[in-house]
4 protein chains.
Amino acid sequence: MPPQPAPPRTGLWLVGARGGVATTAAVGCCALQQGLIGSTGLVTELPPLAAAGLRDWGQFVLGGCEIRAGELPQAALDAGLPPALVAACGDELRAIDQRIVPGVVHNSGSAVDQLAAGDAARRFDTPRAAVDAIKHDLDRFRESERLERVIVAVASSTEPPTDATRLPDSWEELEPLLATPHDCPLRASSLYAIAALESGCGFVNFTPSLGASCAAIDQLAIQVGACHAGRDGKTGETLLKTTLAPMFASRNLEVMSWVGHNILGNADGRILSSQENKQSKLGCKDAALDALLGREPGDGPQSLVSIEYVASLGERKTAWNHVHFRGFMGVEMTLQVTWQGHDSALAAPLVLDLARLLDASSARGERGAVGALACFFKNPVGAPLEGHAEQFAALLKHYAGRHSAEASDH
Amino acid sequence: MPPQPAPPRTGLWLVGARGGVATTAAVGCCALQQGLIGSTGLVTELPPLAAAGLRDWGQFVLGGCEIRAGELPQAALDAGLPPALVAACGDELRAIDQRIVPGVVHNSGSAVDQLAAGDAARRFDTPRAAVDAIKHDLDRFRESERLERVIVAVASSTEPPTDATRLPDSWEELEPLLATPHDCPLRASSLYAIAALESGCGFVNFTPSLGASCAAIDQLAIQVGACHAGRDGKTGETLLKTTLAPMFASRNLEVMSWVGHNILGNADGRILSSQENKQSKLGCKDAALDALLGREPGDGPQSLVSIEYVASLGERKTAWNHVHFRGFMGVEMTLQVTWQGHDSALAAPLVLDLARLLDASSARGERGAVGALACFFKNPVGAPLEGHAEQFAALLKHYAGRHSAEASDH
Amino acid sequence: MPPQPAPPRTGLWLVGARGGVATTAAVGCCALQQGLIGSTGLVTELPPLAAAGLRDWGQFVLGGCEIRAGELPQAALDAGLPPALVAACGDELRAIDQRIVPGVVHNSGSAVDQLAAGDAARRFDTPRAAVDAIKHDLDRFRESERLERVIVAVASSTEPPTDATRLPDSWEELEPLLATPHDCPLRASSLYAIAALESGCGFVNFTPSLGASCAAIDQLAIQVGACHAGRDGKTGETLLKTTLAPMFASRNLEVMSWVGHNILGNADGRILSSQENKQSKLGCKDAALDALLGREPGDGPQSLVSIEYVASLGERKTAWNHVHFRGFMGVEMTLQVTWQGHDSALAAPLVLDLARLLDASSARGERGAVGALACFFKNPVGAPLEGHAEQFAALLKHYAGRHSAEASDH
Amino acid sequence: MPPQPAPPRTGLWLVGARGGVATTAAVGCCALQQGLIGSTGLVTELPPLAAAGLRDWGQFVLGGCEIRAGELPQAALDAGLPPALVAACGDELRAIDQRIVPGVVHNSGSAVDQLAAGDAARRFDTPRAAVDAIKHDLDRFRESERLERVIVAVASSTEPPTDATRLPDSWEELEPLLATPHDCPLRASSLYAIAALESGCGFVNFTPSLGASCAAIDQLAIQVGACHAGRDGKTGETLLKTTLAPMFASRNLEVMSWVGHNILGNADGRILSSQENKQSKLGCKDAALDALLGREPGDGPQSLVSIEYVASLGERKTAWNHVHFRGFMGVEMTLQVTWQGHDSALAAPLVLDLARLLDASSARGERGAVGALACFFKNPVGAPLEGHAEQFAALLKHYAGRHSAEASDH
Ligand SMILES: NC(=O)c1ccc[n+]([C@@H]2O[C@H](COP(=O)([O-])OP(=O)(O)OC[C@H]3O[C@@H](n4cnc5c(N)ncnc54)[C@H](O)[C@@H]3O)[C@@H](O)[C@H]2O)c1
Ligand SMILES: NC(=O)c1ccc[n+]([C@@H]2O[C@H](COP(=O)([O-])OP(=O)(O)OC[C@H]3O[C@@H](n4cnc5c(N)ncnc54)[C@H](O)[C@@H]3O)[C@@H](O)[C@H]2O)c1
Ligand SMILES: NC(=O)c1ccc[n+]([C@@H]2O[C@H](COP(=O)([O-])OP(=O)(O)OC[C@H]3O[C@@H](n4cnc5c(N)ncnc54)[C@H](O)[C@@H]3O)[C@@H](O)[C@H]2O)c1
Ligand SMILES: NC(=O)c1ccc[n+]([C@@H]2O[C@H](COP(=O)([O-])OP(=O)(O)OC[C@H]3O[C@@H](n4cnc5c(N)ncnc54)[C@H](O)[C@@H]3O)[C@@H](O)[C@H]2O)c1
Ligand code: NA
Ligand code: NA
């Protein structure tokens, strides 16, 4: 009997490959491949999606880029992952490490500039030169690993906000700016996006940075026939907000103020605590509330979100939310929520899920922003602002062909 | 020009008419009729339902029954409602008071027996005699107020649990038991249900008591062509649970334990604190969790719900919830929620909404349990167990002909 | 029988007389004089102090100054005080209003400048001129009301921090600077202090502003034989901190971080939300923690305090505190506290208590900072940094001659 | 040079030696002896006590008794202690295991009866026989280990409440009852106490069981010249209550209700969840509140404490407290506290501290209940009910000769 041909494979290229999220994703993927951990935390392992013909974990090959020196097994221990698990995945982690190349720093802000002190980062005179270098990395990855498809996932440090008013609306106008650094406000996350799409890869932006979240880059995706998803993984406070706000709306309760205070102590928290990058995170988090509450834009509640770096907490992000609302006859009431989550353990499985789902979208030939992935993001592209339950129903419908009514009986 | 004919009217018959929920509903309805309060807290005033042709507040006439002496304006002040509002509604409240008749006590448990010490309560030798007396009250109400339709809403004190194993499954078998008290485990809430349905009224059970929530009484409703909804208004902890549990399910997070501790200080709280009635409330609240989490029955988390009477809190019910869950790689996390609600202010508008919606269902000729009203109840009859968002989408679809995708852009 | 001579009287001069704290103090004092409210919230009504011979409420006469127009009864309603109580105190409040004169604005920061737009504020070319004008007001108050003693209590809006490095250590050096505005960094709160002390009044600084909290002004107090107390009334988060931190210290638990997030919606909250004034509040709140935890200065936990203005909350200040600590064998644990207080209702009785106690200190001839009043302040002058229980024991000992062991059996 | 004589040693005899608290104490003591852990969590390592001449950790020898089979290293892993630490202490833990003898079950309630199924428990016909057997164990321990003194610490499972009305007030009357089982309501914890005291050992009761907390056994202690301390280690909610309640009292705030809900998942939690034993814990916890608030007995707030077993939490005890109080002018406010503690990590160091301190008391010849140790207990014997700060000051004064004023400047 002739040997079984090897199953086709998809590459997952992690940008920020030794960061908390990417490292946890890498260890998790290895552990899944070896059957060391269960499916908890993985959306694509829920019954309707598990039956939807997505690629197996064994068909994924990881690689990526970083701007800091280091080694994955040590990064995994630093991220607080269980030493026994890290040890069991040691060989495969070291293999992934071999596939991590120097990342690109461009317009990334002072906090990232400080991280990128050593040789592990590359800088280029023009955005175009950076894009071409990244494309070169992706091509090499695809060829050397004999990958059918590649998904690029940005999980690098949050960049400062990009001035969107300076961006043209069409790719035709944006593309030439890549040659003239002073006219081009794009930061590294968007250069990764452009490189991925121009190379025909799927692109995921797990960060609050701009990435592909502008009309011109979306147009590029549609033109080249690639797909993308983003922006900013929804893992804590916003997950709660998109879940709870529709409840208030469904009861016609008038939310007067919604205050969120977030404390965390990992590297992402340190970057976010630098004032310029903080704005980027806060901006993303406020956007949806009025819509979720069924209020006219600007007519909704006072909304405040603050984020502070508290070293002792490490990955244990704690979010306190205080909602002050009015009911029948004007009676005032409050809801308080305290979420004590593990940042990377919440985020990493979503990166793996997104790789699997965007791989399926790529295989089906979808192009542009995949709105059906909205439930994964704080600031979804390609989808209207909806509650989490509706977003989740849309996900199941898109990938498992299920209607919301059926969704609940898995 | 000939005089405009008076618009047709619907009666709302409140059982437990001077209790916290019913009194607040009565004051609220008067205040709405006079334009003294806004629509906050009323589900049927949300844009899609406000446009669905439901009857106006001015078309509703309130009446009901009680087992305690008292007067509505004073009951309203005791319930902590704003004195100025109560005063402004004084005439109409006194008119409603004229339409409150003595209630029926039957098998209602010792806590209710103590309430019903004076003449305001009636007792009968057989359930059938009680049913007939209630039907007589309803007929008089309909005729004297020239009502096109009548909705009966039970908002009386929680009864002890009814032993459902002693109930036959068909109306044919249950009906004869009404004549033989010792064979009939039904309590007053179910007698109100039978009387309402036999009289062709719509029936709402806002309490955890049995009411119409058994196969035989549902069969009666279908046979006579009347409709009903229940059981146990969803106003606090369970509203949160049906909202939050699907979020955990959608992320494949493993909830290990869910603890709820409720403290409140109103009359309902005092009744609930009596051990036999407590069981009824706790029973209702636990049922849905496994289903909402997508777990096999019995395979879900450890779930504990406790309720304590804390006099100083009055209507201010405070619910603390602690959810302990596991994510990717088994990492443990927690969510804590503190809900500080005003019990009657949350409940009363739902009673009014239910009257309006069940009136529309009656007009359309719906029969049996109206599952589309599930979002109002802790333990809905006639509907599968679903998350709150899905229940709310079903409500809009049923009454406003809207699909969930449209639901969010009101 | 000859007529009983009128009992001697003490004046309480409120700076910021129509603000939330002062207005609540004024209504409270009137209500106490008329027996309309009980003693809850008043420290000086605790048994040991009630028996300590302090002046009765009836012996106090209120007056003060303001920079905003307005009338006390309306200010009281705006502060959310019960309308019936305000009405019952109407005559006396109007009498107090007659004794409110225009306040002095000097170096008070832009937020206060905006408040002081109308004629109700006075400005002077030199600090000395302002001081003399204030002294004139105090003299008139004393004479026209035939007061034996006068206590000045600053409850005006928080000023920006004063640059203490520019202040000389002795009164001899500071006094001449009052004539030369450019060399004198003092703000209005300190000019009120100087005027009060030079006039022989007792002085209370209930605000985080500098007031008398510097060596040179303390020296003035000692020289003239007047006494003072401050700084920044301890009503919420710091009350908890000075209570809870010693508990951690007593168990040798290692607090790693202490995060406080405060939200409130009154006028004080609006001023504090202006960045320059915020610093003053935050500065005061952080100082004591290391000492309370028994740690070397700077060697204590990471400490973060944030304050946000949330309009819907009004006087209802909500403080969330998150304490992350380590115990035996390095095990990590947390304590979370949510305090939902009514700002002015907590503060106002303390202002009255301080007037009563400082009046007694004045009568006894105490001079300089009265450290025994430390338990009332976030940043006490004249006392070592101690836990709240120790401060309270010191209070009882000083004014009631009691030792801590007896303190608990009142 | 002649050899240095070995320093004198004290034995610590742990009753319930393989339970969570005792095992953690054993590992902790070994780790301290080897310098593997720091002093965090140990009260006796605070500067004033560290300088008070207490015996070194190296001078303590551990032994004890148990009713369950098992081995200490495994028990330590089961209690969630760090494997590396347990391994490092392996030899010494095995040595302690050699010194653990079968415990005595007597009147211990059904939950304990179930634990004691194997041979590891001994039962006796009369209390006196049990006492004599325990004394024999203690004598052997003292002799074989050449111990100068021995402290017995009861850390065994909570027993059901003992009917104190059946106990005579004098030792003279109680002693004869030991011979007649039916007349003697004492349970094992009190038999351990009697045996310890008759053998001249110091006795610590870390549990809510009766132990030595009755007049007759205290009299025995005084007669034989031994000392004892108890009852029920104060590690969580009561620590907070004794800290926070005096704060409310110091401000004359009227606490109207204080609700505590505790969830935990260790073996102690399982025992406490059995109804008869629950009473014992709840009884202890409620006692002090009125006194701490300065209220007449019975005139204080409504107080509710509930404890539930939640398996997933293990040693992580979570306590939610809700305090509803009134301030000036009757304004209502709330305080909520969530304590997330590690049960054994909080308790074990206190057992070690108590051994050290009671050893010093024994050395000084103290007799009867040592009230100065009140700060360690929920229901202290030999001391008036006081706030935690005052109790702690009393501790420092007794053992370090310090006055409260000095206490804070360590
Ligand atoms: N729950 C979550 O953890 C979560 C949720 C949503 C979004 N995110 C976002 O994901 C991103 C990563 O979070 P994290 O916790 O892993 O942060 P991290 O700081 O641990 O990791 C980021 C990594 O990116 C690297 N990096 C920075 N700039 C780069 C560049 N230009 N090219 C290549 N590598 C670069 C850094 O060296 C670092 O190793 C952040 O933007 C964060 O806001 C995280
Ligand atoms: N948020 C809420 O308030 C809420 C939510 C869900 C369910 N409920 C349920 O609604 C019911 C009413 O709550 P409430 O707060 O108004 O209680 P309540 O005690 O204030 O009022 C109940 C009234 O029913 C009367 N009553 C008792 N038995 C009766 C009988 N057989 N016939 C006629 N009247 C009778 C009592 O005298 C009382 O006036 C309770 O069962 C409660 O559990 C309330
Ligand atoms: N719990 C509490 O409310 C609390 C606790 C501690 C400290 N404080 C402090 O007490 C002060 C007053 O608080 P509030 O809530 O009453 O604020 P508020 O804003 O309601 O009142 C302050 C009043 O001071 C007046 N004012 C400002 N500058 C003045 C000046 N130079 N001379 C005379 N009047 C002047 C303002 O016009 C205003 O009416 C603030 O500094 C606040 O931080 C309040
Ligand atoms: N934070 C805390 O952990 C804390 C605080 C205060 C009080 N306590 C009390 O300390 C005690 C021990 O708590 P734990 O968590 O270690 O419980 P545990 O159940 O883990 O340990 C108790 C041990 O005692 C043993 N035992 C039972 N009866 C015995 C007997 N008659 N003789 C000898 N051994 C016996 C059991 O077999 C068990 O091993 C409990 O009473 C608990 O309420 C604990
Ligand atoms: Na109610
Ligand atoms: Na204030």
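Predicted model: local features only at pLDDT ≥ 70, side-chain atom pairs only at ≥ 80, totals over all residues.
Local features need pLDDT of at least 70, side-chain atom pairs count only at pLDDT 80 or more, and totals for chains, interfaces and linings use all residues. Residues are numbered from 1 along each chain as its sequence is written, chains are lettered from A and ligands numbered from 1 in the order in which they are written, and side-chain values use heavy atoms, leaving out hydrogens and water.

Let's start with chain A. Its domain assignment gives domain 1 (10–233 + 345–400) and domain 2 (237–342), with bounds that come from an automatic or database assignment. The C-alpha centres of these two domains of chain A lie 26 Å apart. Across the boundary, 23 residues of domain 1 of chain A are in contact with 24 residues of domain 2 of chain A (contact means heavy atoms within 4.5 Å).

Now for ligand 1. Both domains of chain A give residues to the shell around ligand 1, so it lies between them. That shell holds 31 residues, and the closest are A:Gly20, A:Val21, A:Glu66, A:Arg68 and A:Tyr192; a residue is near the ligand if one of its heavy atoms lies within 4 Å of it. Helices H1 (20–33), H6 (110–115), H9 (188–198), H12 (267–272) and H15 (343–363) of chain A each supply at least two residues of the shell, where helices are DSSP runs (H or I, at least four residues) numbered from the N terminus.

What about polar contacts, meaning pairs of N or O atoms within 3.5 Å? A backbone N or O atom of A:Val104 lies 2.8 Å from a nitrogen atom of ligand 1, while a polar side-chain atom of A:Thr158 is 2.9 Å from an oxygen atom of ligand 1. Taken alone, ligand 1 exposes 840 Å², and the protein buries 98% of that (Shrake-Rupley areas with a 1.4 Å probe).

Over in chain C, ligand 3 is surrounded by 31 residues, with C:Gly20, C:Val21, C:Glu66, C:Arg68 and C:Val104 the closest. An N or O atom in the side chain of C:Glu66 sits 2.4 Å from an oxygen atom of ligand 3, and one in the side chain of C:Tyr192 is 2.8 Å from a nitrogen atom of ligand 3.

Finally, chains B and D. A rotation of 180° with 0.0 Å of shift along its axis superposes chain D on chain B, with an RMSD of 0.0 Å (least squares on C-alpha atoms of residues with pLDDT of at least 70 in both). The two copies are thus related as by a two-fold rotation axis. In chain D, the C-alpha nearest that axis belongs to D:His261, 3.7 Å from it.

Methods: Polar contact = N/O pair within 3.5 Å; in protein donor to acceptor, adjacent residues only side chain to side chain.
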